[in-house]
Each structure stands twice: as C-alpha cells, then as structure tokens.
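Morning, everyone. Please have the sequence and the structure open while I talk.

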Amino acid sequence: MLDCLVVGSGLAGIAFCEVLQQQQQTFTIIANKSQRASLVAGGLYNPVILKRFTLAWKADEQLEQAIPFYKGLEKRLGVQIDHKIPVLRRFASIEEQNQWFEAIDRPGLQPFLSQTMLQNTNPNIDAPYGLGLVRHTGRIDIQTLLRHYTKYLSSLGRFTVDDFDFKRLQIFKDHVRYKAVEARKVVFAMGYGLKSDPFFNYLPLTGTKGELLTINAPGLHEKSVVKSSVFIIPLGNDKYRVGATYKWKDKLNHPTDIAKKELLEKLKTFLKCDFEINDHVAGIRPTVTDRRPLVGQHPKFENLYVLNGFGSRGVLIAPYASRQLFDFIANGTGIDPEMDIGRFTKKYYDD
C-alpha cells in the first residue's frame with residue numbers, strides 16, 4: 001500500500017513528488033506526454049507583473065519557498081536548474097518611467113524594483129527611455145528538471161509512462177486501486193488534461209495557449225532578460241527564448257504561423273540585430289477563470305485530490321501549492337482559501 005499515487009509529470013506533479021520524497025512518503029507517478037505546458041514554459045521566476053508594475057499574487061511568500069526548494073532539487077539531481085538572471089523592463093515612454101517610480105512606493109514592491117533607472121548599453125536593443133531592474137529573479141530550466149527528475153524516479157521504479165484510464169480507478173473508503181497499484185490517496189496534477197478528468201472537470205479550468213520561439217542571435221550579447229512587448233530570455237551560446245503569446249480559443253498544442261508573426265513583429269520593435277529562428281513550440285497553460293490555482297480535496301471522494309491551475313507562474317507557485325496540499329493531507333492544515341477548490345463546491349453539486 002503506497003501513501004500516494006500521482007497522475008501527471010509536469011511541474012505540478014514533479015513538485016508534489018519532491019515534497020513526498022522530502023517527507024519520506026511512498027508513491028508512484030503515472031503520466032503520458034499529452035500536456036506540454038511545462039515543457040514550453042519560459043521558466044522565469046519574477047515576483048512582479050511587469051505590465052502593470054504590481055506584485056504577483058503572494059509572490060514574496062512563494063519566492064521564499066521556491067529558492068531553497070529548487071536548490072534542494074539541484075543537490076538531489078546533481079545538475080544546475082536555477083540560473084540567476086536579472087530582469088530588465090524596457091520603458092516605452094516617459095509615462096512608463098513615472099509609473100515605475102510610483103510603483104516602488106507600493107506595499108511589497110520596494111524589495112524587488114530598483115530605484116535607479118538604467119541606461120541601455122546594448123547597441124542591439126532599442127531602449128531610448130531606459131530600463132528598470134527587477135531584483136530576485138531568475139530562470140528555472142524546466143526541461144532539464146523534468147528530464148532528470150523523471151529519470152531519477154524511473155531509477156527508483158516510481159515512474160510509469162501510460163495513459164491514465166479513469167475507468168480502471170477503484171475508489172474505496174480508505175484507499176484507491178489502479179490496476180496493480182494500491183494507494184491511500186491519489187493526486188491529479190494533469191495540467192490542461194484535467195478537462196478529461198471525470199472527477200475534477202467541473203472546475204473552471206479554461207486553458208490559455210502560449211507559443212514561444214527560440215532564436216540564435218550571435219550579435220546580441222545580452223545576459224539579462226529583457227521584457228518589452230515580448231520577453232527575451234538568454235539561454236547561453238547565443239540562444240534566446242522569445243515569448244509569449246496568449247490565446248484563449250485555440251486549444252491545440254501545435255505552433256501557428258499567426259503566433260510566429262505576432263512574436264516576430266513585437267520582437268523587431270526593439271531588437272536591432274540579425275537572428276535565426278531555431279525552434280517554435282506551443283502548449284496550453286492551465287489557467288483558471290479567477291486566476292488562482294486549483295488545490296484541494298474532492299467534495300465527495302475524500303481520497304482524491306487535485307493540484308492544478310498554475311497558469312504562467314508555475315515556477316513560483318508549484319513549491320508553495322505542493323507543500324500546502326501535502327500539509328493538508330498529512331496534518332489537516334488548511335489550504336489557502338484563494339486556491340482551495342472548496343470555493344467551487346457549489347458548482348460541483350449544481351452540475
């Protein structure tokens with residue numbers, strides 16, 4: 001009898017497995033390759049919403065947990081996944097400069113926004129109005145994390161690649177059985193795959209398609225993330241990730257020429273050097289109508305749980321939400337009400 005069965009091996013599933021590992025819980029994970037949101041994510045952790053110069057939801061608390069969490073993963077896996085990178089916000093006008101300095105005085109933002117405006121020194125970036133520096137930022141190499149962590153779990157015999165067949169899940173009072181696996185609890189961390197989950201598909205997961213480009217720009221020589229109408233994230237060896245788009249109607253994981261054109265048009269408004277496109281990827285982010293995660297216990301089946309809805313800020317949210325879900329399961333500690341799926345219990349019974 002295992003302590004937990006985890007379904008889904010994106011950032012949410014992997015983060016929860018790591019919490020289980022830390023707490024010496026027994027578990028196994030089952031996943032397929034259908035959901036690509038984690039694999040195509042930019043991987044930035046940035047506590048500030050740079051469009052409006054506001055602090056992201058509980059970003060300070062999440063950042064405090066996330067940094068040691070990923071440091072522990074680096075130690076466990078023996079690879080670097082946390083790359084400390086400054087984020088520079090390109091100002092498009094004097095008005096944006098003024099908005100930046102007004103934002104510094106808002107509660108919670110002062111530790112993250114530099115009070116000194118930087119002058120652009122990169123001839124291949126057009127930034128006549130200067131740049132604002134965001135502190136305590138970086139990039140988690142999600143692809144490397146997922147690849148090494150699933151390999152690590154496989155070496156322990158705890159990872160199975162398979163489509164989860166909900167018809168094979170048997171639910172008992174104190175445990176569940178799935179094929180040959182018996183566990184006290186099951187946690188569904190399936191990203192946009194939640195739409196096919198008969199237990200939790202009542203939750204208002206909308207999904208937002210995002211597309212990213214990877215470019216090769218030997219003349220750029222930029223070591224910071226530059227955020228304008230799109231962001232440019234340095235990956236090393238003259239490669240940069242450019243993104244992202246936000247589309248609400250298209251739910252296919254296929255890249256589109258329309259999104260590619262949109263990204264290139266925005267990029268060329270401030271990038272002045274030549275570049276080549278190396279890759280173009282797409283995925284569906286697990287976004288929610290009220291922009292908060294979906295974490296908690298099924299209203300009817302007490303041994304079924306969900307961990308989902310991280311949107312575009314999964315790098316920061318995943319350690320925070322995973323730990324809260326574990327504490328709830330193990331100790332009965334309350335889940336943050338803003339992300340507790342109890343806020344949609346009425347919807348479950350109405351449906």
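A definition to start. We call a crossing left-handed if the near helix is turned anticlockwise from the far one by less than a right angle. If the turn is clockwise, the crossing is right-handed. And please remember that this is a predicted model.

Now, helices. Two packed helices are described by the angle between their axes and the distance between the axes.

Find helix α2, residues 59-77. Then find helix α4, residues 142-155. They pack at an angle of about 55 degrees. Their axes lie 11 Å apart. So α2 and α4 are oblique to each other. Which hand does the crossing of α2 and α4 have, left or right? It is left-handed.

Who meets whom here? On the α2 side we have Tyr 70, Leu 73, Arg 76 and Leu 77. On the α4 side we have Leu 145, His 148, Tyr 149 and Tyr 152. Sort the residues of this α2 and α4 contact, and you get six nonpolar, one polar and one charged.

Stay with α2, but turn to helix α6, residues 314-331. The axes of α2 and α6 come within 8 Å. They cross at roughly 85 degrees. An angle of 65 to 115 degrees counts as roughly perpendicular, so α2 is roughly perpendicular to α6. From α2, the contact includes Ala 59, Phe 69 and Tyr 70. From α6, it includes Gly 314, Pro 319 and Arg 323. The residues of the contact between α2 and α6 split into 10 nonpolar, three polar and two charged.

On to strands. Look at β1, residues 2-7. How many of its six residues are buried? Five are, so β1 is largely enclosed by the rest of the structure.

What does β1 pair with? One partner is strand β13, residues 181-188. The two run parallel, joined by five bridges. Leu 2 has Ala 183 in β13 as its bridge partner. Another partner is strand β2, residues 27-31. That pairing is parallel too, over four bridges. There, Val 6 stands opposite Ile 29 of β2.

Last stop: Thr 214. You'll find Thr 214 in strand β14, residues 208-216. Is Thr 214 buried or exposed? Its relative accessible area is 14%, and buried means under 20%, so Thr 214 is buried. Set aside neighbours within four places in sequence, and Thr 214 touches Leu 235, Tyr 240, Arg 241, Glu 276, Ile 277, Asn 278 and Asp 279.

That's my tour. Thanks.

Methods
Residues numbered from 1 in each chain as written. Predicted model: local features only at pLDDT ≥ 70, side-chain atom pairs only at ≥ 80, totals over all residues. Heavy atoms only, no water. Axes fitted to C-alpha atoms, helices over the stretch in contact; angles between N-to-C directions. Parallel < 35°, antiparallel > 145°, perpendicular 65-115°, else oblique. Contact = heavy atoms within 4.5 Å. Nonpolar A, V, L, I, M, F, W, Y, C, P; charged D, E, K, R; others polar. Buried < 20%, exposed > 50% of the residue type's maximum accessible area, 1.4 Å probe, protein only. Pairing = 2+ DSSP bridges.
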